[in-house]
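Let's take a friendly walk through a protein chain. Have the sequence and the 3D view ready, and take it one stop at a time.

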Amino acid sequence: ASHAVADDRNPQRSRIVLADRDLDLPAIEQLRLHADLVSLSGCETALGKNVRGEGVIGLPYAFLAAGARAVLVTLWRVNDRAAATFMTDFYRRLESGMPAPDALQATRVAWMRRGRADGHPDRWAAFVLVGGDNGVLRLVRNAVSSVQSFGLLPIPLCILMGEIMFYTGVAARAIDAVDRLIARLPGRLSL
């Protein structure tokens, strides 16, 4: 197990704290990875400094710069047990051959259906995929799928807006995309 530290003032000091040393952004960027997916399921692994024209500079940025095609990260503090169970469910879907964006979406939907404590968004909504073939349009399609399946617009819409704005740094385009999406949805909307 490890711990992530995001430094929003000096993103180069963001790091993963390991048992014997720290792995900071410059060290991560020097790695030569040939990985389809890097998973960082610790608390707040998506955080960093929002740099105009670049987006968020933090751990996901460093792993993508090092050659990872996609990085699974968390937007906020996650419960250790819930995160371990969520990741186990996610990896089972990956092992079955699902692409990472589809496996993440299927895992989220399964957790939504659980109800009670496990179905609460604080258990599953923190996990987002950066990079890969997910793109903004794929995030929109996945959020729409959740909306249509469950009629749960407020939660997926908030997650969608957070993902788009967090990783693209382009709020106006994100809002326009969501406005167009909302205009196409059949009367299930209550904001």
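**The big picture**

Keep in mind that this is a predicted model. The chain's secondary structure comes to 8 helices and 8 strands. There are 191 residues in the chain, and buried ones make up 41% of them.

Searching the whole structure for aromatic pairs turns up 3 of them. Let's start with Phe 86 and Trp 111: their ring centres are 5.4 Å apart and their planes stand at 65 degrees, so this pair is edge-to-face. The cut-off behind that label is that planes over 60 degrees apart count as edge-to-face. Where do the two partners sit? Phe 86 belongs to helix 3 (residues 80-95) and Trp 111 to helix 4 (residues 100-114), so the pair ties together parts that are 25 residues apart in sequence. Phe 86 is buried, at 0% relative accessibility, and Trp 111 is buried too, with a relative accessible area of 0%.

Next come Phe 90 and Tyr 91. Their ring centres are 5.7 Å apart with the planes at 55 degrees, so the pair is tilted. Phe 90 is buried, with a relative accessible area of 0%, whereas Tyr 91 counts as partly exposed at 36%.

Ring pairs also link Phe 86, Trp 111 and Phe 127 into a cluster.

| Residue | Relative accessible area | Class |
|---|---|---|
| Phe 86 | 0% | buried |
| Phe 90 | 0% | buried |
| Tyr 91 | 36% | partly exposed |
| Thr 107 | 0% | buried |
| Trp 111 | 0% | buried |
| Ser 41 | 29% | partly exposed |

**Two helices side by side**

Two packed helices are described by the angle between their axes and the distance between the axes. Helix 3 and helix 4 pack at an angle of about 130 degrees, and their axes are 9 Å apart. That angle is why helix 3 and helix 4 count as oblique to each other. Helix 3 passes helix 4 in a right-handed crossing. Which residues make the contact? On the helix 3 side they include Phe 86, Asp 89, Phe 90 and Arg 93, and on the helix 4 side they include Leu 104, Thr 107, Trp 111 and Arg 114.

**Zooming in on Thr 107**

Thr 107 is a residue of helix 4. Is Thr 107 buried or exposed? Thr 107 is buried, with a relative accessible area of 0%. Leaving aside residues up to four places away in sequence, Thr 107 touches Phe 86, Asp 89, Phe 90 and Arg 93.

**And then Ser 41**

Our last stop, Ser 41, is in the loop between strand 4 (38-39) and strand 5 (48-51). Ser 41 counts as partly exposed, at 29% relative accessibility. Ser 41 and Ala 83 are 42 residues apart along the chain, while their C-alpha atoms are separated by 6.8 Å. What does Ser 41 touch? Not counting residues up to four places away in sequence, Ser 41 touches Thr 74, Val 78, Ala 83, Met 87 and Phe 127.

Notes: Residues numbered from 1 in each chain as written. Predicted model: local features only at pLDDT ≥ 70, side-chain atom pairs only at ≥ 80, totals over all residues. Heavy atoms only, no water. Phe/Tyr/Trp six-rings, centres within 6.5 Å; stacked < 30°, edge-to-face > 60°. Helix = DSSP H or I, 4+ residues; strand = E, 2+ residues; numbered from the N terminus. Buried < 20%, exposed > 50% of the residue type's maximum accessible area, 1.4 Å probe, protein only. Axes fitted to C-alpha atoms, helices over the stretch in contact; angles between N-to-C directions. Parallel < 35°, antiparallel > 145°, perpendicular 65-115°, else oblique. Left-handed = near helix turned anticlockwise from the far one by under 90°. Contact = heavy atoms within 4.5 Å.
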